[in-house]
Every structure is written in C-alpha cells, then in structure tokens.
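Trainee: Hi! Could you walk me through this one? I'm new to looking at structures.
Mentor: Happy to, let's open it up together.

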Amino acid sequence: MIFVELIYTFLLIGAFTFGGGYSMVALIQNEVVTHHGWMTAAEFTDLLAVSQMTPGPVGINTATYAGYTAVINAGYPQWAAVCGSLLASLAVIVIPVALMLVVGRWLMLHKDEPRVVAVMRVVRLAVVGLIAAAALQLMPSAFAPTPIGNISLFNTRFSILSVFIFAAVFILTWRYKKSPILLILASGLLGLIVYGIS
C-alpha cells in the first residue's frame with residue numbers, strides 16, 4: 001500500500017539526511033523518481049520549484065508535495081492525497097526531531113572536542129556533495145523546454161532563455177549577494193511574461 005511505502009521512505013530520508021533541506025532533495029528525488037517511480041523527473045522539478053517558492057523549509061515542503069503527487073499519480077482521490085502529504089511530512093521530521101532532542105544537548109557540550117570537530121567537517125563536505133548532486137540531477141529537466149497547452153516550446157530560443165536565466169540568477173546570487181526571494185519573484189514574472197506571451 002502506498003501509504004505504508006510513503007511513511008517508510010520518508011522515515012528513511014529523514015533519518016539519513018544531514019545538512020538541511022537542500023541536501024534532502026537528492027535523496028527525495030532518488031526515492032520518488034528513480035526507486036519508486038511515483039513521478040517523473042519533470043514533475044519533481046516542478047514540485048521542487050513550488051517547494052522553494054512556498055514558505056517553510058524546502059525539505060518538508062518537498063516531502064509534502066511529493067506525498068501528495070505520489071498518491072494522486074497512484075490513482076487515489078484528492079482526500080487520500082492530502083493524507084499522503086501529511087504522512088510524508090510527519091514521517092520526514094519524526095526521526096530528526098527525536099535525534100535533536102537526544103543528541104542536541106550532548107553535541108553542544110562536546111562541540112569543541114577534536115573528534116567531534118573532525119566528524120562535523122566530513123559531514124559538511126558530504127552535505128555540499130549532496131546539494132551538488134541534486135543540482136546536477138535536476139539540470140536536464142530544468143533546462144528542457146516543455147509543451148504548454150497546444151504550443152510546443154521545444155526550440156532553441158527557449159533553451160537559450162533558460163540558460164540565460166540560470167546564469168543570471170547564479171551570478172546575482174553568488175557574486176552580488178542579491179536576495180534569492182527577489183530573484184525567484186523576478187524569474188517567475190519573467191517566465192509569466194515570456195511563456196504567457198508565447
């Protein structure tokens with residue numbers, strides 16, 4: 001049953017994710033797209049975009065939308081999909097919350113010990129690797145133009161526009177430290193104008 005699979009999958013994701021929501025994205029994508037086939041890579045990319053635009057942690061938002069989409073794609077009604085989103089959201093936070101309550105105090109007392117510092121240094125490197133892996137896995141579906149209504153946007157003009165938007169946002173964020181919120185809003189407005197007109 002899909003509900004049991006959702007709970008089990010998101011319990012595992014929550015238990016083995018270090019570094020926050022963005023490092024969780026690669027694990028969620030691997031489970032819901034590659035392993036279970038609950039959605040396509042393009043659906044996951046759209047899901048991730050919505051997760052980043054809505055308030056709250058991106059990992060929990062992604063789990064919420066993934067649970068909903070997985071249940072809908074399995075052919076269940078909308079009320080069951082809402083239950084799926086709640087189960088996925090709760091399952092992804094249960095183990096981390098429990099671990100933080102148990103380990104948090106111990107870690108704060110021993111955070112300056114050489115072994116703890118060494119472990120945390122390696123975990124930080126692994127987190128950067130997970131975030132990079134998620135970005136690389138999302139790139140093909142993010143840059144591939146998709147059909148909108150009866151209009152096919154599979155042409156060079158929109159591929160170049162996608163690369164331009166990516167490069168501009170990357171440079172403005174990394175080099176000039178511009179607000180990601182403003183860049184998301186500007187990108188959404190640009191997409192509405194360009195794709196809406198087309």
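Mentor: One term to start with: angles under 35 degrees count as roughly parallel, over 145 as roughly antiparallel, 65 to 115 as roughly perpendicular and the rest as oblique. This is a predicted model, where local features need pLDDT of at least 70, side-chain atom pairs count only at pLDDT 80 or more, and totals for chains, interfaces and linings use all residues. Residues are numbered from 1 along each chain as its sequence is written, and side-chain values use heavy atoms, with hydrogens and water left out.

Trainee: Thanks! How many helices and strands are there in the protein chain?
Mentor: The protein chain has 8 helices and 0 strands. Those elements are DSSP runs numbered from the N terminus (helices are H or I, at least four residues; strands are E, at least two).

Trainee: And at what angle do α1 and α2 pack?
Mentor: Helix α1 (residues 2–15) and helix α2 (residues 21–35) pack at about 155 degrees, with their axes 10 Å apart. Axes are lines fitted to C-alpha atoms, for helices over the stretch in contact, and angles run from 0 to 180 degrees between N-to-C directions. The two helices, α1 and α2, are therefore roughly antiparallel to each other.

Trainee: Which residues make that contact?
Mentor: From α1 they are Thr9, Phe10 and Ile13, and from α2 they are Met24, Leu27, Ile28, Glu31 and Val32. Contact means heavy atoms within 4.5 Å. By class, the contact of α1 with α2 has 6 nonpolar, 1 polar and 1 charged residues. For those classes, Ala, Val, Leu, Ile, Met, Phe, Trp, Tyr, Cys and Pro count as nonpolar, Asp, Glu, Lys and Arg as charged, and the others, Gly among them, as polar.

Trainee: What about α2 and α4, are they parallel or antiparallel?
Mentor: Their angle is about 20 degrees, with the axes 8 Å apart. That makes α2 roughly parallel to α4. Gly21, Tyr22, Met24, Ile28 and Val32 in α2 meet Val58, Gly59, Thr62, Ala63 and Ala66 in α4. This contact of α2 with α4 has 7 nonpolar, 3 polar and no charged residues.

Trainee: New topic: how many aromatic pairs does the structure hold?
Mentor: There are 3 aromatic pairs. Rings of Phe, Tyr and Trp (its six-membered ring) pair if their centres lie within 6.5 Å; planes under 30 degrees apart count as stacked, over 60 as edge-to-face and the rest as tilted. Phe3 and Tyr76 have ring centres 5.6 Å apart and planes at 65 degrees, so that pair is edge-to-face. Phe3 lies in helix α1 and Tyr76 in the loop between α4 (58–73) and α5 (78–110), so the pair ties together parts 73 residues apart in sequence.

Trainee: Is Phe3 buried or exposed?
Mentor: Phe3 is buried, with a relative accessible area of 15%, whereas Tyr76 counts as partly exposed at 32% relative accessibility. Buried means under 20% relative accessible area, exposed over 50%, partly exposed in between (1.4 Å probe, protein chains only).

Trainee: Where do Phe170 and Trp174 lie?
Mentor: Both are in helix α7 (residues 156–174), 4 residues apart, about one turn of the helix. Phe170 and Trp174 form a stacked pair, 5.9 Å centre to centre, with 25 degrees between the planes. Ring pairs link Phe166, Phe170 and Trp174 into a cluster. Trp174 is exposed, with a relative accessible area of 57%.
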